[in-house]
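Have a look at the structure first, then read on.

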Amino acid sequence: MANNEELFKKIIAHAKEYGFVFPSSEIYDGLSAAYDYGQYGVELKNNIRNYWWKSMVQHHENIVGLDAAIFMHPTVWKASGHVDAFNDPMIDNKDSKKRYRADVLVEDHIVKIEGKIAKEVEKAAKRFGEAFNEKQYISTNPRVVEYQQQIDDIKHRLYPAMEENRLDDINKLIEDLGIVCPISGSKNWTEVRQFNLMFSTQMGSLSEDTNQIFLRPETAQGIFVNYLNIQKTGRMKIPFGIAQTGKAFRNEIVARQFIFRMREFEQMEMQFFVKPGEELKWFEYWKQERMKWHLGMGIPETEYRFHEHDKLAHYANAAFDIEFNFPIGFKELEGIHSRTDFDLASHQKYSGKKIQYFDPELNESYVPYVVETSIGLDRTFLAVMSYAYHDEKLEDGSDRVVMMIPPFLAPIKAAVLPLVKKDGLPEKALEIFDKLKYDYMCFYEEKDSIGKRYRRQDAIGTPYCITVDHQTLQDNTVTIRERDTMKQERIGIEKISEIISNRLKSNK
Ligand code: GAP
């Protein structure tokens with residue numbers, strides 16, 4: 001899937017037209033970077049969440065779940081480092097009045113240089129044909145080497161400056177690179193300033209500082225502060241994990257790109273508590289496990305890649321992202337972080353409570369180390385939608401948009417459709433619907449021609465359509481139509497549930 005703005009626009013329009021995702025408060029012209037999930041969106045989202053929950057909690061004897069409150073004691077965010085360090089450097093263009101993340105402006109500049117390298121490589125590959133050795137070319141061609149050197153120099157200036165909060169140096173970097181505002185084209189920038197991404201609100205009726213609380217920017221801290229509760233009441237032995245899904249809130253500076261970057265979004269996080277010194281072994285284990293989970297959806301490997309962090313978060317000693325090939329390019333979908341004992345040790349310090357594990361094998365207590373897997377539910381939703389969207393030209397010259405959503409995730413598993421709205425067919429179809437609805441999400445519809453109804457089901461990704469026709473009344477058989485191939489076969493009514501269940505299972 002290429003970087004494809006047109007495709008992205010089509011997916012956004014489709015998501016709205018077919019009840020997957022609507023802009024929040026749309027009748028009031030929407031609210032920036034907030035979205036609502038419609039009737040099919042909520043089903044798809046639930047199915048993705050269930051797939052994650054099952055693979056984490058149900059399939060591991062040593063991982064349990066949690067549902068912590070969004071509101072937490074304000075000291076949690078002091079201890080976690082978010083009050084002091086959960087900042088993005090921002091910069092405004094005085095002409096366009098647009099606000100940007102300063103590091104993203106620089107990274108976009110790097111992407112442009114990478115594009116130049118890719119062009120050189122493409123030209124050389126055409127020139128040399130079969131004999132082309134890409135690795136050798138990249139390391140020896142003077143122009144490519146120079147571009148690579150520019151990228152390295154920029155990274156050498158950007159990341160330490162970010163790490164050490166040297167905002168003047170980021171200003172200077174933007175100036176030296178001659179970066180212009182993508183909207184106004186001007187270099188008329190403000191100074192770079194730090195901007196804390198946490199939303200705050202007041203708890204109780206007094207609006208004094210002491211009552212200020214934050215909307216959690218990650219679900220992880222709810223897990224850390226419950227570590228002792230769960231370890232003790234669940235008699236958990238290290239290594240063990242705690243998994244949680246739920247809303248997180250960030251006042252993102254740049255919040256475009258539909259549900260990719262929102263101010264209110266949902267995370268699915270798992271903290272895996274391990275013996276100190278074993279964290280990198282578990283880090284590697286979870287990297288591979290998480291990639292398997294993604295591939296388990298049936299989306300091919302070529303759509304994913306690992307990306308090692310150049311700049312580590314304030315709590316991590318190793319970090320990889322799993323990136324997905326979105327229509328807007330390869331972007332972060334999930335983070336796997338080795339968080340050391342940073343969080344538990346810090347909560348121990350701030351709360352004054354001992355947060356340790358007594359290891360019976362070592363006969364000693366320690367603060368466990370943590371490996372975290374953290375994935376955005378909305379981004380996974382977008383990944384599935386992006387992969388599923390197909391605009392097809394059929395043999396008869398007509399067009400169809402079909403969402404090839406992995407069947408086990410599809411919002412509706414089967415649509416039950418009487419061929420016509422008379423002759424007793426609706427009654428028979430409703431009889432079938434009333435039985436099937438206890439097995440999985442079904443849909444009943446009798447309005448419009450059967451062709452139109454098939455198209456509507458294709459557009460929402462329903463893998464199977466069951467059609468009741470006149471023959472059904474004679475021999476109790478129906479047709480089952482498969483979404484992707486559009487092939488139909490006749491089966492007995494008593495077999496419908498079993499056939500669909502088997503196909504859904506084999507697809508997973
Ligand atoms: N607890 C670690 C943590 O929060 P993160 O990389 O900041 O790490 C994890 O976030 C995941 O949450 C990301 O990989 C992404 O999928 C999702 N995410 C983060 N910010 C988001 C946003 N503004 N909108 C949608 N999803 C977001």
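Phe224, Tyr227, Phe240 and Phe273 form one aromatic cluster. Searching the whole structure turns up 25 aromatic pairs, where rings of Phe, Tyr and Trp (its six-membered ring) pair if their centres lie within 6.5 Å; planes under 30 degrees apart count as stacked, over 60 as edge-to-face and the rest as tilted. Keep in mind that this is a predicted model: local features need pLDDT of at least 70, side-chain atom pairs count only at pLDDT 80 or more, and totals for chains, interfaces and linings use all residues. Residues are numbered from 1 along each chain as its sequence is written, and side-chain values use heavy atoms, with hydrogens and water left out.

**Two ring pairs**
- Phenylalanine 260 and phenylalanine 326 have ring centres 5.3 Å apart and planes at 80°, so they're an edge-to-face pair.
- Phenylalanine 260 is buried at 3% relative accessibility, and phenylalanine 326 is buried at 0% (buried means under 20% relative accessible area, exposed over 50%, partly exposed in between, with a 1.4 Å probe and protein chains only).
- Tyrosine 285 and tryptophan 286 are edge-to-face too, because their ring centres sit 5.1 Å apart with planes at 85°.
- Here tyrosine 285 is partly exposed at 33%, while tryptophan 286 is buried at 2%.

**Charges over rings**
- Lysine 287 lies over the face of phenylalanine 320, 3.7 Å from the ring centre; this label needs NZ of Lys or CZ of Arg within 6 Å of the ring centre and within 35 degrees of the ring normal.
- Arginine 481 lies over the face of tyrosine 454, at 4.4 Å from the ring centre.
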